[in-house]
Amino acid sequence: MPRMMAGLVLSFFIASVANAEVYTWIDSRGVAHFSDYPPGEIPHKQLQVQAPVTVPMSENLRQGKRVSGIRKDVEGLLASGRPGGSGITAKEKADAQLEKTCATYRSKLERIQSKLRAGYSNDRGNTLRRQRRTLSQKLSRECILR
């Protein structure tokens, strides 16, 4: 146990000291080089490497909750402030439209599938298969994967 603790403490000291210098230069062929040691007599520049910027995850979560709350407040204000008081929100309209579109895709796919089961020559069958593939992709992207 003491060895593990000593190794852990030693690794923290090594990690804090491991700040290497970076040098860059261009050789006679025009190739750029980067290294942790200077090239000697060749003209070179020393680069300043900045520490990475990190944002704590808790801050990201807090910001996400705040934005979600604002979005809900705005949706509520828009829904209640309508003249006529229909009570249907924009999200409900969009969902209804999406469901209608998905139902159309499904019915077209079923019609194409029944035609393929009936059998067609190569050219007509290939056209139907291409249409089926395109509609299947649209159905997947717009309806299933949402």
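A salt bridge here is a side-chain nitrogen of Lys or Arg within 4 Å of a carboxyl oxygen of Asp or Glu. The model is predicted, so to speak from the start: local features need pLDDT of at least 70, side-chain atom pairs count only at pLDDT 80 or more, and totals for chains, interfaces and linings use all residues. Residues are numbered from 1 along each chain as its sequence is written, and side-chain values use heavy atoms, with hydrogens and water left out.**Exercise 1. Which residue meets Asp-95 in a salt bridge?**

Step 1: Look at the side chains. Asp-95 pairs with Lys-91, at 3.6 Å from N to O.

Step 2: Helices are DSSP runs of H or I with at least four residues, strands are runs of E with at least two, and both are numbered from the N terminus.

Step 3: Check the exposure of Asp-95. Its relative accessibility is 39%, which counts as partly exposed (buried is under 20% relative accessible area, exposed over 50%, partly exposed in between, with a 1.4 Å probe and protein chains only).

**Exercise 1. How many salt bridges does a search of the whole structure find?**

Step 1: The search gives four.

Step 2: One of them joins Glu-59 and Arg-62, at 2.5 Å from N to O. Both residues belong to helix H2, three residues apart, about one turn of the helix. Glu-59 is partly exposed, at 34% relative accessible area.

Step 3: Glu-110 forms a salt bridge with Arg-117, with 3.3 Å between the closest N and O atoms. Glu-110 is partly exposed at 49%, while Arg-117 is exposed at 57%.

**Exercise 2. Which residues make the nonpolar surface patch of about 270 Å²?**

Step 1: The patch is made by Ile-70, Val-74 and Leu-78. Patch residues have over 30% relative accessible area and no salt bridge; like charges are joined within 9 Å, and nonpolar side chains (Val, Leu, Ile, Met, Phe, Trp, Tyr) within 5 Å. Areas come from the Shrake-Rupley method with a 1.4 Å probe, and for residues only the protein chains shown count as cover.

Step 2: Ile-70 sits in helix H2 (residues 57–80) and is partly exposed, with a relative accessible area of 43%.

**Exercise 3. What is the order of the three strands in the open sheet?**

Step 1: The order is S2-S1-S3, with antiparallel pairing. Two strands pair if DSSP finds at least two bridges between them.

Step 2: Strands S2 (32–35) and S3 (45–47) are the edges, each pairing on one side only.

Step 3: Strand S1 (residues 22–26) is joined to S3 by three bridges. Thr-24 has Lys-45 in S3 as its bridge partner.
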